[in-house]
Amino acid sequence: MSEPHVLSRLPLLRFLFRLRNLRRLRLRDIGVSLLQSEVKQEHQSFSLSLFSRIFSLIIMETKKKQGLNIEGYPIEGLSIAGHETCIILPSFNLAFDIGKCPQRAISQQFLFISHGHMDHIGGLPMYVATRGLYRMAPPTIIIPKVIKENVEKIFEAHRAMDQSELKHTLIGLDIGEEFYLRKDLKVKAFKTCHVIPSQGYIVYSVKQKLKPEYVGLQGEEIKKLKFSGVEITNTTTSPEVAFTGDTTSDFILDPHNLDALKAKILIMEARRSSTYVENTMSVENARDYGHTHLSEIISHAERFENKAIVLIHFSARYHLDVIEKAVAALRAPLAGRVFALTEGF
Ligand SMILES: [Zn+2]
Ligand SMILES: [Zn+2]
């Protein structure tokens, strides 16, 4: 006997879509298969049990989709080695790498690409096209200078194919060069070590501080000095967030990269350690493929001054509990300040 149908389909669908928008969820992930299977039947309404199933999936998904919130910065996105990496920092209106262009990335105005591997750059045309589709401001995309010509060719090919404008600003940034997101926020590219040209990025907050000799002066006096051309402030910068992209642990030893190790939050890749779980990926393996092994992070533990380290880019073959165990097993000085971004595992 079929279950009694008590809810009409339309209001429920409306409710679910509103909830999805509200929580930035993707129905695809939370029960579209349930919806489809039910809609395929000729019923015009849903059963209560279906409603409660979908609702509990939404609740579960909401808990899962919250991402991380560290040092006051929400960190969203997902990173699965070889599949897709896109890390979103809504506080800065930016994403690091675009992966397959997850929905949340589209609303970010700035995009920083670490290197040309498909799992990091594949969704780039989609990101630009979707922003155009929704009539959002053309995005600004910062890429390593060495890949700029090839990226331009990608856009030319897509423009030729779909005859759309694909409006955006493309900026090639070399290692050591800076880009200002805002007056009080700049991003600097730093050297990472991968099998192809690659770079990481550090976001700095920029503050103007009154020079000590002028502290205590009246507003009018300060104004006068300023108008007479006297430099009354010092500029101070502090590294807030660093993102490595794919890299071997050699980036840790580069003296030019000290700010990445001092940033409040360091988002870096890590292959899971053999020490803690199983011996399937050796340090040598990780290095050969241009990646970092968790045991290398442990052996360099003293160098990290970061308040928090967010590990990303785990292999898809790991289960969530395996990653969580490896992180939970970390000891001082890393214990308690290492987090894993496990969206999608
Ligand atoms: Zn990768
Ligand atoms: Zn790569």
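Good morning. I begin in strand 5, where isoleucine 87 is the bridge partner of glycine 77. Please bear in mind throughout that this is a predicted model.

That contact belongs to an antiparallel pairing of strand 4 with strand 5 (residues 84–89), which extends over five bridges. The two strands form a hairpin with three residues between them, and glycine 82 in the turn has a positive phi of about 75°.

On its other pairing, strand 4 runs antiparallel to strand 3 (residues 68–70), joined by three bridges. Here asparagine 69 stands opposite proline 74 of strand 4. Strand 3 and strand 4 also make a hairpin, with two residues between the strands, and glutamate 71 takes a positive phi near 50°.

I turn now to the metal site. Which protein atoms are the donors of the zinc ion (ligand 1)? They come from Asp119 (OD), His120 (NE2), Asp246 (OD) and His313 (NE2), at 2.1 to 2.4 Å from the ion. Along the chain, these donors follow the spacing D-H-x125-D-x66-H.

Why is the arrangement around this ion irregular? The four donor atoms subtend angles of 86 to 160° at the zinc ion (ligand 1), and therefore the arrangement is irregular.

Histidine 120 in helix 5 (residues 118–121) and aspartate 246, in the loop between strand 13 (233–243) and helix 9 (250–253), are 126 residues apart, so the pair links distant parts of the chain. Histidine 120 counts as buried because its relative accessibility is 0%; aspartate 246, at 2%, also counts as buried. Thank you.

How values were computed. Residues numbered from 1 in each chain as written. Chains lettered and ligands numbered in written order. Predicted model: local features only at pLDDT ≥ 70, side-chain atom pairs only at ≥ 80, totals over all residues. Heavy atoms only, no water. Donors = N, O, S within 2.8 Å, 3.2 Å for Na, K, Ca; no water. Tetrahedral: all angles 85-135°; square planar, octahedral: opposite > 155°, others 65-115°. Helix = DSSP H or I, 4+ residues; strand = E, 2+ residues; numbered from the N terminus. Buried < 20%, exposed > 50% of the residue type's maximum accessible area, 1.4 Å probe, protein only. Pairing = 2+ DSSP bridges.
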